[in-house]
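Opening the notebook on this one. I wanted to look at one strand and its partners, then step back to the chain as a whole.

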Amino acid sequence: MPHVRPAAPGTEGRPNTDSLIDRFGREARDLRVSITEKCSLRCTYCMPEQGLPPIARDDLLTAVEIARLVGIAVRDLGVRDIRFTGGEPLMRRDLEYIIGMSRAVISDLESRQARSPRLDHRVSLSMTTNGIGLDKRIDALVAAGLDRVNISLDTVDRDHFARLTRRDRLPAVLLGIEAARTAGLTPLKINAVLMRDTLAGASDLLAWSLNNGVHLRFIEQMPLDADERWARDNMVPAQELIDALSSRFTLTEPHRDDPSAPSEEWLVDGGPATVGIIASVTRSFCEACDRTRLTAEGTVRSCLFGDDETDLRGMLRSGASDRELADRWRAAMWTKQSGHGMSLEGFRRPARTMGAIGG
Ligand code: SAM
């Protein structure tokens, strides 16, 4: 299990600033909030077949606790993008409430903007989801204040999807994608994990994405699978994907939309459509990382690959002030490691898997 720090880690040498800075000059403005370990799929590159060990209900952050931490992140720490994830966020019945409460806290801060000049641009609330059941909840989620969704889809071949996710749910995912488009949540990003198993269908997935007006991004598979099958020798590097897609499409002008964006965008057939490639393993972007994470149990995790976590839930429940919580969060960020070290000799995978941290 990860190492959860009960007390504030050291802040020696930290400049006196509100922002979430670390020792390597990075500043976190992007917060990932995992809200559950439960998922409706069992993707082989992520979840164990039987699902993750259940988190006791009392150990999960409540909607009110999540909204309070979101408020602290925005007001006191300078976070500007908040993305709910899991597990699968749609597995939480109170997701609309979580988003509504978080939006209310943010709107309140925005309406007092004159007194809070650090709130320089609108704070976005988004979600990463597999899309199953989204069609039934999209209107309520948008009404609650959701701005955007990223939907995960690795293949448009139904049999392949069933093998990869251990569930025959492709039609449900496609309904979710259509609902998000109809609701106007654009640009709608589709995330696919790049692996041997998905390489052969990558061109078909890109053709489907272009036809359906969604923005496809591939992400290199990381050693965060519960079954521990990831092997460096067998992983598909971004270059191999570019070569495979190039036999059907013309890919040109690789660029990043902004310097901290993990995704390198390539124009497809002259544009304007692009395909994104996130080379998290072979072209690591740790030096530009602007993320902080909250796990479903209320620990701060500064790096996907760093097992050090700092407990905020205990503080929340024992009456800590916003200021104390913000200070603890800052101290946790100050000790963030420089990078994931996947390319280094002796790299050890983290104790938690992607689904357990929140991707
Ligand atoms: N259930 C939601 C979903 O499917 O999007 C949110 C959680 S999921 C862990 C978040 C993202 O992590 C998904 O896009 C998924 O494909 C990605 N992911 C999971 N395991 C991964 C791995 N080993 N390497 C790279 N990405 C991974």
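**Strand β11 and its partners**

I started with Leu 31 and found its bridge partner in β11, Thr 292. For the record, this is a predicted model, where local features need pLDDT of at least 70, side-chain atom pairs count only at pLDDT 80 or more, and totals for chains, interfaces and linings use all residues. Residues are numbered from 1 along each chain as its sequence is written, and side-chain values use heavy atoms, leaving out hydrogens and water.

Next I checked how β11 pairs with strand β2 (residues 30-34): the sense is parallel, over four bridges. I count two strands as paired if DSSP finds at least two bridges between them. Strands here are DSSP runs of E, at least two residues, and helices are runs of H or I, at least four residues, both numbered from the N terminus.

I then looked at strand β12 (residues 299-301), which runs antiparallel to β11 and is joined to it by two bridges. Arg 293 faces Arg 301 of β12. The hairpin of β11 and β12 has four residues between the strands, and I noted a positive phi near 85° at Gly 298.

Which way do the side chains of β11 (residues 291-294) point? Arg 291 and Arg 293 go one way, Thr 292 and Leu 294 the other, and all are buried. My cut-offs are under 20% relative accessible area for buried, over 50% for exposed and partly exposed in between (1.4 Å probe, protein chains only).

**Ala 104**

I found Ala 104 in helix α2 (residues 95-111). Ala 104 is partly exposed, at 46% relative accessible area. I also looked up Ala 144, 40 residues away along the chain, and got 8.8 Å between the two C-alpha atoms.

**The whole chain**

I listed eleven helices and 13 strands. The radius of gyration is 20 Å, close to the 21 Å of the globule rule for 359 residues, so the chain is as compact as a globular protein of that length. That radius is taken over C-alpha atoms, and the rule is 2.2 Å times the number of residues to the power 0.38.

Along the principal axes, the C-alpha atoms fill a box of roughly 55 × 50 × 40 Å. Of the 359 residues, 55% are buried. I also looked at contacts (heavy atoms within 4.5 Å): among those between residues at least 6 apart in sequence, 74% join residues at least 24 apart.
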